[in-house]
Amino acid sequence: MKIVKWGIIGCGNVTEVKSGPAFQKTPNSALVAVMRRDAALAEDYAKRHNVPKWYSNAIDLINDPDVDAVYIATPPSSHKEYTVLCAKAGKPVYVEKPMALTFEECNEMISACKAHNVPLFVAYYRRSLPRFLKIKELIEQNKIGTVRHVNCVLYHPFEERYDDDINLPWTVLPHISGGGIFVDLACHTLDFLDFLFGPIQSVLGHASSQLLAYPAEDTVSMSFLFENGIHASGLWNFASFERYDNTEIVGTLGKISFSTFGDDPIHIQYANGEKESITIENPEHIQQPFIETIVAELLGKEGVNPSKGTSAARTTWVIDEVLKEFRNLKKP
């Protein structure tokens with residue numbers, strides 16, 4: 001290949017700005033086909049984004065000879081199905097996060113892609129964003145010394161759209177999303193910490209629904225331990241009075257504080273009392289730096305994409321561990 005020609009399965013909201021245009025703006029990349037079950041919406045997306053083909057059936061897109069690689073941007077409940085179909089067709093797969101409903105499904109996806117010798121990329125794109133690479137650089141430069149522990153906190157108010165039993169968003173329907181807003185958002189933080197410090201080996205925690213507004217959890221607290229000995233804790237609540245997003249990485253010489261979402265400054269506090277703030281804005285199409293690494297790898301150029309099925313599956317394992325008690329209570 002001299003150029004990677006992409007097809008998208010599920011051209012919904014996430015593809016409008018975050019990812020879709022990046023396939024066209026990345027060098028040696030082109031978006032040639034999109035699919036959505038509603039043919040009219042697929043056609044509308046294609047025309048607005050100058051995509052030559054559109055489909056209402058995923059199989060037709062996967063089997064299109066003009067499509068070299070497939071981006072799966074559907075809810076997690078269909079990630080495994082479409083990934084396996086792409087693997088059997090010999091098409092490299094780029095799948096949205098979280099990778100699948102469960103760790104078991106992740107492993108099935110990895111096995112299918114391995115069996116058919118196709119790469120599997122997962123959209124933990126913070127691993128390629130300049131803002132987050134700066135945090136990794138600060139740690140590797142020993143700016144805060146030896147890291148001892150990490151604390152993650154994310155909470156925000158209950159949103160009206162979750163107060164409609166008949167039209168609940170799929171993000172809080174566990175049979176489609178795998179859980180609630182925790183699964184949708186916390187996976188980004190947990191994966192980035194895996195990127196910084198390696199695998200998490202132990203997880204203890206609690207999940208509950210404090211509001212009983214929807215079937216999924218709305219509150220999660222956990223403690224976890226990395227294989228390298230770093231301790232960590234986290235709290236996620238989606239029924240609080242305001243929005244707050246902060247992760248602290250504490251070392252022997254200082255600490256780094258940052259938000260997972262948005263592009264707030266990275267704050268550094270040193271043991272001698274000095275403070276520093278670093279502002280790095282996110283790109284317009286937030287997935288573009290990540291997509292550029294995928295295209296480079298598929299074309300055999302320098303650089304390797306930092307988020308594969310094997311690393312992404314580890315984050316799903318962490319989520320499974322902390323939610324298993326809550327899930328068991330919800331079983332009929």
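This report walks through an annotated region, a helix pair and a few loop residues in a predicted model.

## Ground rules

Because the model is predicted, local features need pLDDT of at least 70 and side-chain atom pairs count only at pLDDT 80 or more, while totals for chains, interfaces and linings use all residues. Residues are numbered from 1 along each chain as its sequence is written, and side-chain values use heavy atoms, with hydrogens and water left out.

## The annotated region

Let's start with the record. An unreviewed UniProt entry carries the annotation "domain: GFO/IDH/MocA-like oxidoreductase" for residues 132-256. UniProt positions follow the numbering used here, feature names are shortened, and annotations may be inferred rather than shown by experiment.

Across residues 132-256, the chain is 24% helix and 35% strand, and the end C-alpha atoms sit 12 Å apart. Helices (H or I, at least four residues) and strands (E, at least two) are DSSP runs, numbered from the N terminus.

Now take a look at α8 (residues 181-197) and α10 (residues 309-330): they pack at an angle of about 125 degrees, with axes 9 Å apart. That makes α8 oblique to α10 (under 35 degrees is roughly parallel, over 145 roughly antiparallel, 65 to 115 roughly perpendicular, and the rest oblique). Axes here are lines fitted to C-alpha atoms, for helices over the stretch in contact, and angles run from 0 to 180 degrees between N-to-C directions.

Who touches whom? On the α8 side there are Phe182, Val183, Cys187, Leu190, Asp191 and Asp194; they meet Ser311, Arg314, Thr315, Val318, Ile319, Val322 and Leu323 in α10 (contact means heavy atoms within 4.5 Å). The residues of this contact divide into 8 nonpolar, 2 polar and 3 charged.

Most residues other than glycine have a negative phi, and most peptide bonds are trans. Asn50, in the loop between α2 (39-48) and β3 (53-55), has a positive phi of about 55 degrees. Asn117 also has a positive phi, near 55 degrees, and lies in the loop between α5 and β6 (120-122). The peptide bond from Lys97 to Pro98 is cis, with omega near -15 degrees; Pro98 is in the loop between β5 (93-95) and α5 (103-115).

Is Asn50 buried or exposed? Asn50 is exposed, at 67% relative accessible area (buried is under 20%, exposed over 50%, partly exposed in between, with a 1.4 Å probe and protein chains only). Asn117 counts as exposed at 69%. His49, in the loop between α2 and β3, is buried at 12%. Leaving aside neighbours within four places in sequence, His49 is in contact with Glu16, Pro21 and Gln24.

How values were computed. Nonpolar A, V, L, I, M, F, W, Y, C, P; charged D, E, K, R; others polar.
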